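Please read the points below with the sequence and the model side by side. They are set out as numbered remarks, each on one topic.

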Amino acid sequence: MADNSSDVLPGREARAHLDHFATAEQQRNTAMAGMWIFLVTEIMMFGGLFMAYAVYRLGHPQAFASASRDMNIVLGAVNTAILITSSFTMALAAQAAEEGLLRPAKWLLAATILIGIVFLGIKFVEYYQHYRDHKAPGFGFQTNLPDPGGIQMFYIFYFAMTGLHAVHMIVGIGLLAALLIMTELGRFSREYHSPVVITGLYWGFVDIVWVFLFAIFYLPGLHLHG
Amino acid sequence: MAEPTVARKIYLRAYAGLLSLTLLTTLLAFVNMGWFNTVAALMIAVTQALLIGGIFMHALYETALVRVILAGGVLWFLILITLTMTDYLTRSR
Amino acid sequence: MSNFTASYNLFFWIMAAVCGFVAAGIAFFLILFAARYHRRRESELPPQIQGNAIAESLWIGIPFVLFMGMFAYGAKLYFDMRLPPADAMEIYVVGKQWMWKTQHPEGEREINELHIPVGRRVKLTMTSEDVIHSFFIPDFRVKQDVLPNRYTTLWFQATKPGKYHLFCAEYCGAKHSGMIGWIYAMEPHEYQAWLEQGAAEGGMASTGEKLFHQFQCANCHHFDGRGPCPDLQGLYGSTVQIGGGTSVSGPTTVVADESYIREKILNPRAKVVQGWKEGYMPSFQGQIDEEQILDLIAYIRALSPAPGGAIASGSGGALQGAAPQPTIIGPEATSIHNTAPYRP
Amino acid sequence: MIAAPEITERNYLTGKEGVLSWLLTTDHKRIGLLYVASITAFFFIGGLFALLMRLELLTPPSDLVSPETYNKLFSMHGIIMVWFFLIPSIPATLGNFVVPMMIGARDLAFPKLNLASWYLFNLGGIVTLYAILRGGVDTGWTFYTPLSTTYSTTYVIAAAAGIFISGFSSILTGLNFIATIHGMRCPGLTWFRLPLFIWGMYASSLIFVIATPVLAITLLMVAVERIFQVGIFDPALGGDPLLFQHMFWFYSHPAVYIMVLPAMAVVSELVSTFSRRPVFGYKAVAFSSLGIALVGFLVWGHHMFVSGQSIYSALAFSLLSYLVAIPSAIKVFNWTATFYKGSISWDTPMLYAIGFIGLFTIGGITGLFLAALGLDVHVTDTYFVVAHFHYIMVGGAVMAYLGGIHYWWPKISGRMYPEGLAKLAALTVFLGFNLTFFPQFILGYLGMPRRYAAYPPEFQVLHVLSTAGASILGVGYVLPLCYLIWAWRYAPKAPPNPWRATGLEWKTPSPPSVHNFDETPVVNYGAYDYEALKGELGLG
């Protein structure tokens, strides 16, 4: 009565496939499909926020533009580049794991974690600056720009969306740390490495979300500066 | 394994492309192009998303099922936003 | 009963007949087949029919045609209900937890009651002070949600005198089921008498005029076109050129209706009139309540020629030509005669 | 590569013993039963609230309970019944139990995730029950803003948090089913050989996955607005309460199809088995499930015809609503046609199926009234709507759930159920249901608004009828609970395939072994192919 019907993530030991699957390929394809479906739910979750953002930007075009002018574009652009770099190292890590090159995979995972932490560090510096400038809704928000309701709405969505993104980053760093430990313990092999690939998908998705957040929160008002 | 291996060169090119697009979108945002600013920013963001999704996340090399799932997700997001906008764009105030 | 009741009922019962016929047919065949083809022996294997393309296309096609008919008829009725005629008599409604406040242009204010004349088109302009409510007169077959910070409208023409239920149909908190009242549809002459016996405090426009001075609107909005702010005569119903503002992405035009005037009072920077300074007018958000805004709107309406130029057709004879359009000569004119309330 | 099948006399119920073996199980069948226990509890809690409401409505004034209490009763009835009974009802219980067996798999693709879903579901339920015990919530199950964000003084955040958590259970269940149905079908089982139950579960899983995240984010926004006192949906601060309604109904309208698609899926199985014929027009019925799932996402605005949304937007939503009615109509007509020249047995599951078709038809055609823009204006937010959705959700989904429970009971428990009592219960439910809810159509037409603790006296007669019906309905629901508990231990043992049905699940022993199949089955015949299986089933 062995109860071996354990889940794909995380695997107990390096082995070809779990026994409710017929083949390793079936297991791999099902796991990949499952992860992509999960990413679709993430699209819809962020999608609700993007939709609400669009509705309110339509109603308060000026406020959203002028509020975005107060974003720190240098930090934003640098952070975008940083996160893209982390996606790059993550993609290389997944590739290395696939090829069974576990030592490079380990270092690339560590690099990804590190770059992710730098991203979050910069993000929290920005948060602190907004808080200090009384731009955090619910924490003594003040503005003397026209249409204060619209300005506050911008910041609500800014904090909600980048905050939800940051939560995803933190979860992602936790997953990567778990992968790192599992690699160290020799759980992965050329045959079994889907956790690395699947986490790579998650990390890439989080990066994609940020690319859009950068476009809608940092860029809209810049040209008004001239 | 079934996983197709992507040449490191392709990863590097995608990475370089992504960084240059970030620079481009930041610089373009300083130029006043009216409504086109928003369109340009979103178009560049979509291109970046395609690069990350297609190459880093291997969507380009995946099974048809994965591509259908992904297309479905995008389609339903568009349904959400389009039908909601039918209200906001035609509401008489 | 209202102008919508008969056409609504006709549509409803046609639908009921068509749908009832189909439902009865399905029930009939289900029971018939279940009895007629009842299993006779445990190992029975009936003929294995897979399907029939013709039958299936029929029961896809026929419902589709019926559905499109229902859609079209429903849409027509809905558009009739949703687009108020220009010549309707105006009533203002403010909903709050948990009462309805109604207001006649002549100044009559009521709570949880509304008196209206039979045979005249009545348009309600409604807003809420707190949550979403819904103004529902079952016998008139009309209903419209009433939203905070926004005007919604509803119109009808009562056809039979009587006392009708008024309900709040959108759940609005603890005493939702107590937010009810009565609509009194009266013969026009009775309505006129009712108006006169209660009209003590003056018409809405006249109250609005007082507010116009009280809030010092008159300091800037002169009626000779030479003040620092636009002349409001003729504003209502006109098309305004908007140069910019926080709620628009560029120059545009809007029709100066109730919603526009309300937004100007509460949030003047939302739409700035072409050629006038942005940020000159202060916001009155928090200083003025919904009923006062409606009074001011009634006053600003009174500064313009009546829309459509004529009083509603129909049997409202008693109201016709009751009072002439009052003359208003700039902010110095202190009041409109209380005895001659403004009538659209 | 395939692990050697464990030949064992022990079945999934007796394989491992002890409470822990249940709480830590990853067996889809046991998890299905865990769900049965959870949702049954929630069903009777929600039913208790309904009973109190019906008692209050016996008399026009609010005399039994205060209006505040009444408001909490209907809010909590809605929240519990929608999210903690109807949404998980068929997918998480029967779906969990049957789907892997029907496709010849040993389990769902992600068994641990499946168990995690059950824990999330209960955690969400406990948080919601906490909100109820602390004093309840009074916003209605719809949480309309600004009532829920600014004006209500009850436990809105806790209730929303409970729903939020259980939402992830829905998402994971849906994800699991989709991955399983795509990846785990046994050799030979192509898409068009799948039983229609699988098509229905697949379609509703799509909705789980796509719609639920939007609800999650919407409730999160409500909670954020309430906690930080910022105005996301507050019109005074530039927000729009209608945006909440759009986002809420983007989930909650498809959620109706989450409830009814699995019900239709069960009924397709029942109709075929008890007519001993393939479902008439298999492909049309299969595609109509997907059609409902897709078009069902395009119609949410029909909940907002009088809300102040643009009239042109309303026009589009009305048209699309009629389009979604077509696949439902196809199903009803095709089921009816399946009866023609069939071999109809009158076993209890078939009685439920017939009841379902009748009640769903009434629910569906009154939906046509509500989709017609002009007709909706008068009857929306009245008892007409209340009756309409109860015909779909209770007359539809609950009837199908009970039918399915009886149908698969021999497989689940290894025993039969008492047929006579079961027929009596089915009849009681049918009659009680109609007596409860048909008068509500009339009430709605006469203008009785919903969510009223007190009402004008002229509506009393119909309310009394409805309350009388509700008490009969209550008996009808308690009856199966009692005799099924009895049958679990004492009823006669069931053979592997008591109904001579064609699905793969009937090829397993009753109750099935832990891994369902000793050998992975190979399928070389279509769904409901009695001709191919007649030797095996002893027919002809």
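1. Chain B of this predicted model is divided by the domain assignment into domain 1, which covers residues 1–62, and domain 2, which covers residues 63–93. Between the C-alpha centres of domain 1 and domain 2 of chain B there is a separation of 22 Å.

2. On confidence, the predictor assigns the complex an ipTM of 0.90 together with a pTM of 0.91. For chain D the average pLDDT is 93, and 98% of the residues score at least 70. An exception to be kept in mind when reading chain D is the stretch of residues 1–8, where pLDDT stays under 50 and for which the model has nine contacts beyond four places in sequence.

3. The contact between chain D and chain A draws on 41 residues from chain D and 35 residues from chain A. On the chain D side, at least two residues each are supplied by α4 (111–133), α6 (156–183), α7 (196–228) and α8 (241–275), and the largest share, nine residues, is that of α7(D). Sorted by class, the side of chain D that touches chain A is made up of 26 nonpolar, ten polar and five charged residues.

4. Which residues have the most contacts inside the largest nonpolar core? They are Ala263(D) and Val267(D), in a core that has 376 residues. The element that gives the most to this core is α8(D), with 23 residues, and α8 (241–275) of chain D is also one of the helices that supply at least two residues to the side touching chain A. Once neighbours within four places in sequence are set aside, the contacts of Val267(D) are Trp335(D), Ala353(D), Phe356(D), Ile357(D) and Ala400(D).

5. In chain C, three strands make up an open sheet with the order β12-β11-β13, and their pairing is antiparallel. Because β12 (252–255) and β13 (272–273) of chain C each have a single partner strand, they stand at the edges, and one side of each is left without a neighbour in the sheet. The pairing of β11 (residues 239–244) with β13(C) is antiparallel and runs over two bridges; within this part of the sheet, Gly244(C) has Val272(C) of β13(C) as its bridge partner. As background to this point, strands of a sheet pair through backbone hydrogen bonds, in either a parallel or an antiparallel sense.

Conventions
Residues are numbered from 1 along each chain as its sequence is written. Chains are lettered from A and ligands numbered from 1 in the order in which they are written. This is a predicted model: local features need pLDDT of at least 70, side-chain atom pairs count only at pLDDT 80 or more; totals for chains, interfaces and linings use all residues. Two residues are in contact if their C-beta atoms, placed from the backbone, lie within 7 Å. Helices (H or I, at least four residues) and strands (E, at least two) are DSSP runs, numbered from the N terminus. Ala, Val, Leu, Ile, Met, Phe, Trp, Tyr, Cys and Pro count as nonpolar, Asp, Glu, Lys and Arg as charged, and the others, Gly among them, as polar. Two strands pair if DSSP finds at least two bridges between them. pLDDT is the predictor's confidence in each residue, from 0 to 100. Domain bounds come from an automatic or database domain assignment. A nonpolar core is a set of buried Ala, Val, Leu, Ile, Met, Phe, Trp, Tyr and Cys residues joined through C-beta atoms within 7 Å. A residue is buried if 20 or more other C-beta atoms lie within 10 Å of its own, exposed if 12 or fewer, and partly exposed in between; C-beta atoms are placed from the backbone.
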